[in-house]
Structure formats: C-alpha cells, structure tokens
2 protein chains.
Amino acid sequence: MANYQHILIAADFSEHNHAVMQRAKELAASHQAKLSICHIVEDFPIADFAYEPMISIDIDMRDALVDSGKKQLSELAKTLAISEQNQLLELGSPSYDIVRLADENKVDLIIVGSHGRHGIKMLLGSTANSVLHHAKCDVLAVKLPEE
Amino acid sequence: MANYQHILIAADFSEHNHAVMQRAKELAASHQAKLSICHIVEDFPIADFAYEPMISIDIDMRDALVDSGKKQLSELAKTLAISEQNQLLELGSPSYDIVRLADENKVDLIIVGSHGRHGIKMLLGSTANSVLHHAKCDVLAVKLPEE
C-alpha cells in the first residue's frame, strides 16, 4: 500500500500533546512523509451587545491570541524540526479549518489528539470526531490520557 | 515512541474493505504488532408483534447471519494470514462491541473504514465516529472512496 506522503498534526497545546507529536514523528519517519503542524485559534465573537460592539478590543484580543498561538506552535514545531512554512496557524473553527487546511495542502493523514468524554473534555474531544466526520483523508486519533 | 502491540481491524465486508486491510497489514508489519480482525453482525430485533413473537425464525435467521459472517471473516482474515483465534465475530452493536472487544483483547490501535456522508453511508460512517468517541485506545479511520 502507498505510504502516506503528507501528515498534518492538529495541535491543541494541551499538556498531553506530546503523545500526538511523538506518534506523528514516528509515522512520518516510517513513511518518509512530509510533516506539517497546524493550530486553529478558536474565533469566539468577543463583544458586549448591551453597549456598543467592542470592535477595537475584539481585534486586539484576536491579534494577541494569534501571536501567542504562533509562538507556541513555533516551539512545538521546533521539537520535530518542522520548518516555518509547514507551520499553519489560523483563526477560525478547529473542526472546519483543520479539514480545510488538510485539503488545501494535499494532506493524506491528519493526526489529532482524542480526549476523554468527561466535563470540559467532552467539548474538546468533539474536534477529533468532527475532523473524522468531515475529512477527505485518513485520520489517526491518538488517545490522550485522562487527567 | 512505543510501537503498537496489538492492532484490531474492524471489518465491515464492504467492497472497499481492501484499503482498510492493506493499511492494517502495512502498520502491523512496521510495528511488528499482533493483528486481529473483528466483525460485528448487527443484532436487529426480528419479530412481528402483530402476531406472536417469532422466536424460532428469529434465532434461525441470526444463526444464518452469524454463519455467513464467520465465513466472510475467515476469507478476509486468510488474505492477511490472521489465524482463527484472532478472528472475532459477534452478534451485537458495532459501535459498542468493537470498543469492548478492543478492551478485552488489550488492543492499542483500532483500524476502521470511514465512509462518506451521503445517503445510507451517513449511517455506516457513524460506526467510525462512535468507535472514536468511545475507544480507550488510538483509532485510525481509513477514508474509503465514494461510490
């Protein structure tokens, strides 16, 4: 069977991201695949509609989130020697934009962490489910340990 | 990172199962992992409640489905040289029983086919989603071609 050519890590900066990164490293090596990493900064609308829409703060906060995300992504990418052009950071919806980035970059395997199903993690876990549901390529969900 | 030790193929006998089998073969070889294959015969209640419960026909039909499933599973397993003791066939609910079998057999990677999202396939595709949601181990969803 054909090797994977381009593997995309969907990083979420959780403390358990290490397991996802290591599995990606191992698969990229055994398949001699190109390795990219993406992170989607969730785009919440930030406004207080009881007053005026707070556009300027909104934009400033988003810029700050994107800058902080880029820094974290760059540090993670460094551990796997992923070059800057293969680090993809966007503001948007994780479940939608991971799949879109995979499409646009001709990715044939997305590797995503899969959280447990309790409390806040139930929401986080749904990214893996949604990516699986919409992806046009293979998806490896790496089970992350429960806290 | 530690290799996968025991990989379980969740087979559904669709014509595209080949892609799932080949990926499983390749990963089992590169990880030197034990390879098992399972198929769950969906347990629909078969009864006509306007009359008496049709228990005997019910049991006969289920036996026939299980026998036919075992035969198909055995033929699939043969192509990957999976021994009889690593062929697991059960009557039940695919999304529940694949995860249970994986647990019971200390599987660390489940490989399942992932169908598109149109028509009847939307229902079939949900097995992969449900397995991902409930599995206590990694899950690789192999994208199957649209018909």
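User: How much area is buried between chain A and chain B, and what share do carbon and sulfur atoms give?

Analyst: This is a predicted model. About 2,500 Å² is buried between chain A and chain B, and carbon and sulfur atoms give 52% of that. On chain A's side, Met1(A), Arg23(A) and Leu132(A) supply 26% of the area buried against chain B, more than any other three residues.

User: What makes residues of chain A and chain B count as in contact, and how many do?

Analyst: The test is heavy atoms within 4.5 Å. By that test, 27 residues of chain A are in contact with 27 residues of chain B.

User: How do you know which surface each copy uses?

Analyst: Compare the interface residues. 100% of those in chain A are also interface residues in chain B, so the copies meet through the same surface.

User: Why is the relation between chain A and chain B called a two-fold axis?

Analyst: Two copies of a chain are related by a rotation about an axis and a shift along it. Here the rotation is 180 degrees and the shift is 0.0 Å, with an RMSD of 0.0 Å for chain A on chain B. That is therefore the relation of a two-fold axis. The C-alpha of chain A nearest the axis belongs to Leu140(A), 2.1 Å away from it.

User: What polar links cross the interface of chain A and chain B?

Analyst: The rule finds zero salt bridges there. The count of residue pairs in polar contact is 15. The side of chain A that touches chain B divides into 14 nonpolar, seven polar and six charged residues.

User: Why is Arg23(B) with Glu26(B) called a salt bridge?

Analyst: The cut-off is 4 Å between a side-chain nitrogen of Lys or Arg and a carboxyl oxygen of Asp or Glu. The closest N and O atoms of Arg23(B) and Glu26(B) are 2.8 Å apart, so the pair qualifies. Being three residues apart in helix α1 of chain B, Arg23(B) and Glu26(B) are separated by about one helical turn. Over all chains, the search finds 12 salt bridges.

Technical notes:
Residues are numbered from 1 along each chain as its sequence is written. Chains are lettered from A and ligands numbered from 1 in the order in which they are written. This is a predicted model: local features need pLDDT of at least 70, side-chain atom pairs count only at pLDDT 80 or more; totals for chains, interfaces and linings use all residues. Side-chain values use heavy atoms; hydrogens and water are left out. Buried area is the accessible area (1.4 Å probe) that two parts lose on being put together, summed over both. A polar contact is a pair of N or O atoms within 3.5 Å; within protein, one must be able to donate a hydrogen and the other to accept it, and residues adjacent in sequence count only if both atoms are side-chain atoms. Ala, Val, Leu, Ile, Met, Phe, Trp, Tyr, Cys and Pro count as nonpolar, Asp, Glu, Lys and Arg as charged, and the others, Gly among them, as polar. Copies are superposed by least squares on the C-alpha atoms of residues with pLDDT of at least 70 in both. Helices (H or I, at least four residues) and strands (E, at least two) are DSSP runs, numbered from the N terminus.
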